[in-house]
4 protein chains.
Amino acid sequence: MPHTTRIKVRGYHLDLYSHVNNARYLEFLEEARWTLFEERTDLPRYMASGIALIVVNINIDYRYPATMGDELIIESSVKSISNRSAVIHQRVLLAGKDTVVAQADVTMVAFDSQAGRAVPIAGELKSVLESMQEPVAAV
Amino acid sequence: MPHTTRIKVRGYHLDLYSHVNNARYLEFLEEARWTLFEERTDLPRYMASGIALIVVNINIDYRYPATMGDELIIESSVKSISNRSAVIHQRVLLAGKDTVVAQADVTMVAFDSQAGRAVPIAGELKSVLESMQEPVAAV
Amino acid sequence: MPHTTRIKVRGYHLDLYSHVNNARYLEFLEEARWTLFEERTDLPRYMASGIALIVVNINIDYRYPATMGDELIIESSVKSISNRSAVIHQRVLLAGKDTVVAQADVTMVAFDSQAGRAVPIAGELKSVLESMQEPVAAV
Amino acid sequence: MPHTTRIKVRGYHLDLYSHVNNARYLEFLEEARWTLFEERTDLPRYMASGIALIVVNINIDYRYPATMGDELIIESSVKSISNRSAVIHQRVLLAGKDTVVAQADVTMVAFDSQAGRAVPIAGELKSVLESMQEPVAAV
């Protein structure tokens with residue numbers, strides 16, 4: 001089961017068209033990633049390590065307009081890991097329904113803030129990300 | 001020349017890492033698109049028409065971290081138009097430099113809010129979008 | 001006991017100084033007010049009534065800078081009700097501590113969106129707001 | 001004449017009621033204060049000084065609902081200065097009209113980020129703030 005975060009749509013999330021604004025979804029996705037890391041890792045230790053996961057690409061589909069009072073479920077899991085980057089797949093669903101509101105691939109690289117450069121995804125960080133991958137369904 | 005919008009990075013645009021937050025860039029891109037439509041179309045008439053251009057996908061690369069006081073130039077132009085959708089290409093640059101801070105393809109469809117469904121991109125809307133395309137460089 | 005809402009401070013809530021930005025607190029307060037109304041009233045019926053509580057003044061003290069990872073408790077209760085307006089008092093506290101991060105008085109008026117004008121706070125709306133008042137402590 | 005900043009209301013500034021959200025006004029006010037300091041002070045030097053003006057109170061009246069396409073003028077001036085704090089008065093007006101959309105008093109204290117404590121408003125900082133005061137109208 002992927003990690004899930006719940007967010008209720010409020011008046012300040014909406015825009016001109018009374019739908020959740022496209023920028024706001026990126027905050028919802030970030031909220032879900034922090035929750036994922038908080039629940040599945042030693043976040044304070046990660047924060048103190050000086051290695052940050054930095055977003056380098058977001059590819060997001062907006063599929064269904066969420067509006068006032070909708071309860072959203074955000075599923076987050078690691079889709080792929082390479083030496084250079086990891087892709088987190090996130091889906092925003094209407095709670096209790098199959099409706100996909102939005103779905104995104106968020107590509108992140110490990111960045112050493114002291115050295116000021118990207119570093120390989122390896123060691124403990126790689127293990128943590130691997131633990132967030134969905135198991136391949138058995139045949 | 002593509003359409004340009006200028007935005008100065010302020011304290012409230014930044015996040016944990018003292019860089020512009022990834023969600024905030026989507027507001028910058030939206031600001032630039034409204035400015036584009038305001039300057040190149042009869043926006044009130046478009047707003048009153050009941051046909052809205054709705055974002056269905058954003059694919060954004062974050063290339064360079066903008067921070068406090070940076071002056072950003074956002075270039076916006078129409079990259080492609082089909083019967084079903086149009087893609088607006090947007091680049092965020094540091095003013096006076098070649099540094100690409102972010103670049104995005106924003107895919108939009110025409111939505112008839114009365115009918116509650118997508119409609120083809122045709123007629124005047126298509127002409128307006130075509131006028132926002134960059135001319136192909138002569139050989 | 002006043003109504004409480006919990007919010008965890010995330011990276012995107014912070015600004016230049018790595019503290020929660022002053023505008024963001026107003027979103028936290030709005031979140032808490034929606035939660036209050038959702039839990040203590042028939043919110044869909046209220047939303048459908050055409051009478052909205054509109055904010056006409058916010059007076060907010062920023063007392064302590066909340067930062068990454070802080071867990072905030074937002075207490076909300078009705079402080080006073082007159083014929084013309086109601087004041088909601090909201091306090092933002094660090095969870096498990098007495099530290100007051102921010103406190104605000106939010107003055108609201110009832111607005112009839114059909115008629116396009118403020119209306120007296122009376123009848124069921126007044127009763128609902130009265131039920132959100134803190135009881136005066138017995139001597 | 002007070003300092004002015006112009007902001008055009010866009011789709012992403014609105015909320016449930018198709019009016020600019022109350023939290024967003026605080027971003028507009030912050031934008032105007034940064035512009036004020038940028039135009040009337042040596043902002044990079046101020047930023048480098050280690051002394052920051054921190055907001056400790058905002059008292060804001062919401063008077064008129066701004067909506068899509070409205071052009072706002074934000075007037076900012078220093079209203080009062082004491083040893084401990086300064087109050088910046090800001091008014092949001094509809095461009096070309098007398099309509100007051102919102103008005104706020106923003107109280108700030110000087111904070112020494114190295115020492116971790118408030119410091120008196122004195123010397124050059126006081127002079128700069130005094131230069132932002134409106135002249136008293138001659139009789």
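Predicted model: local features only at pLDDT ≥ 70, side-chain atom pairs only at ≥ 80, totals over all residues.
Residues are numbered from 1 along each chain as its sequence is written, while chains are lettered from A and ligands numbered from 1 in the order in which they are written.

I'll start with strand 5 of chain B, residues 100-112. Strands here are DSSP runs of E with at least two residues, numbered from the N terminus, and two strands pair if DSSP finds at least two bridges between them.

Strand 5 of chain B runs antiparallel to strand 2 of chain B, residues 51-62, with 11 bridges joining the two. On that side, B:Val106 of strand 5 stands opposite B:Ile58.

Next is strand 4 of chain B, residues 86-94, which pairs with strand 5 of chain B in the antiparallel sense over 8 bridges. Here B:Gln103 in strand 5 is the bridge partner of B:Arg91. The hairpin of these two strands has 5 residues between them, and B:Gly96 takes a positive phi near 80° there.

Strand 6 of chain B, residues 117-119, is also antiparallel to strand 5 of chain B, and 3 bridges link the pair. B:Phe111 has B:Ala118 in strand 6 as its bridge partner. In this hairpin 4 residues lie between the strands, and B:Gly116 has a positive phi near 70°.

Now the chains. Two copies of a chain are related by a rotation about an axis and a shift along it. The superposition is by least squares on the C-alpha atoms of residues with pLDDT of at least 70 in both copies.

Chain A goes onto chain C by a rotation of 180° with 0.0 Å of shift along the axis, at an RMSD of 0.0 Å. The two copies are therefore related as by a two-fold rotation axis. Which residue of chain A comes closest to that rotation axis? A:Ile7 does, with its C-alpha at 5.7 Å.

Chain B is laid on chain A by a turn of 180° and a shift of 0.0 Å along the axis, with an RMSD of 0.0 Å. B:Asn59 has the C-alpha nearest the axis in chain B, 2.1 Å from it.

Last, the interfaces, where two residues are in contact if their C-beta atoms, placed from the backbone, lie within 7 Å. Of the interface residues of chain A, 100% are also interface residues in chain C, so these copies meet through the same surface.
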